[in-house]
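Dear colleague,

Please find below the sequence and structure that I am handing over to you. A short account of what was found follows it.

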Amino acid sequence: MRNVVLWIGMSLDGFTSAPNERLDWLGPHATRAEAHQIHRGLRERCDTVLVGRVNYEGFFGYWPKVKDDPKAPPHDVAISRWLDDVPKVVFSRTLREVKWKNARLARGSAADEVAALKREPGKDIIIQNSTRLTQSLLAAGLVDELQIIVAPVVLGNGRALFAGLPHQIDFGPAELTRFDDGAFVVRYQVKRR
């Protein structure tokens, strides 16, 4: 069975975005060489991307044009080409269509859709920075691994990843990758009850 892996940025106080979906606090940390290396490994092991509406719109507005930009850094070109090529499942209650190559709207609930994807053949499945989608999948017991880049920033408020979950979730031993700027990536496996 395929695993579902979360890749997301978080502040020290547990927020994945500042008010108004702001991510400017994360950029300097998530664009470091260490982060690119970790994300490259995720791209190699994942062949399907899950995103919510906000991230779909942001990604679609940015990434497709990067692959042909001669001034783009090589790691951004690689991400852009990978995102363009892999299947993308978009979870939204408001979008009626998606236009990105290999993207489709989820047909049912997030839990039903992802449970079916996990049973299909293929590599692992990655959730790209989608907090609300992740919350629903954590609640349904469908996330297998978390890789969180923790920035040395306290936001005070914003969108919290673990707020409002209906039950306790336990994680296995942490693997840490430290960055020189004070950020780190923590990798956890979700323990099954």
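The lining of the largest pocket draws at least two residues from each of β1, β2, α1, α2 (33–45), α3 (53–66), α4 (74–85) and α6 (131–139). Please bear in mind that the model is a predicted one. Helix α3 gives the largest share of this lining, with seven residues. The volume of the largest pocket is about 1300 Å³. Its lining numbers 43 residues, and Val 54, Asn 55, Gln 128, Asn 129 and Ser 130 are the closest to the centre of the pocket. By type, the lining consists of 17 nonpolar, 19 polar and seven charged residues.

Helix α5 (residues 110–119) is the next element to consider. Its buried residues are Ala 110, Glu 113, Val 114, Leu 117 and Lys 118. Viewed down the axis of α5, these buried residues lie within an arc of 135 degrees, and therefore they line one face of the helix. In general, an α-helix has 3.6 residues a turn, so residues three or four places apart point the same way. Asp 112 and Arg 119, on the other side of α5, are exposed. The elements against which the buried residues of α5 pack are β1, β3 (46–52), β4 (88–91), β5 (103–105), β6 (124–128) and α6.

Arg 2 belongs to the segment before β1 (4–11). Is Arg 2 buried or exposed? Arg 2 has a relative accessible area of 4%, which is under the 20% cut-off, and so counts as buried. A polar contact of 2.8 Å joins the side chain of Arg 2 to the side chain of Thr 48. Setting aside residues up to four places away in sequence, Arg 2 touches several others, among them Asp 47, Lys 118, Glu 120, Asp 124 and Asp 144.

Finally, Leu 23 is located in the loop between β2 (15–17) and α1 (27–30). Leu 23 is partly exposed, its relative accessible area being 41%. Apart from neighbours within four places in sequence, Leu 23 contacts Thr 16 and Ser 17. Between the C-alpha atoms of Leu 23 and Ala 163 the separation is 19 Å, and these two residues stand 140 residues apart along the chain.

With kind regards

Terms used
Residues numbered from 1 in each chain as written. Predicted model: local features only at pLDDT ≥ 70, side-chain atom pairs only at ≥ 80, totals over all residues. Heavy atoms only, no water. Helix = DSSP H or I, 4+ residues; strand = E, 2+ residues; numbered from the N terminus. Buried < 20%, exposed > 50% of the residue type's maximum accessible area, 1.4 Å probe, protein only. Polar contact = N/O pair within 3.5 Å; in protein donor to acceptor, adjacent residues only side chain to side chain. Contact = heavy atoms within 4.5 Å. 1 Å grid on protein atoms, 1.4 Å probe; cavity = no way out; pocket = protein on both sides within 12 Å on 5 of 7 lines; lining within 4 Å. Points joined across faces, edges and corners; volume = space filled by probe spheres on them. Nonpolar A, V, L, I, M, F, W, Y, C, P; charged D, E, K, R; others polar. Arc of directions from axis to C-beta.
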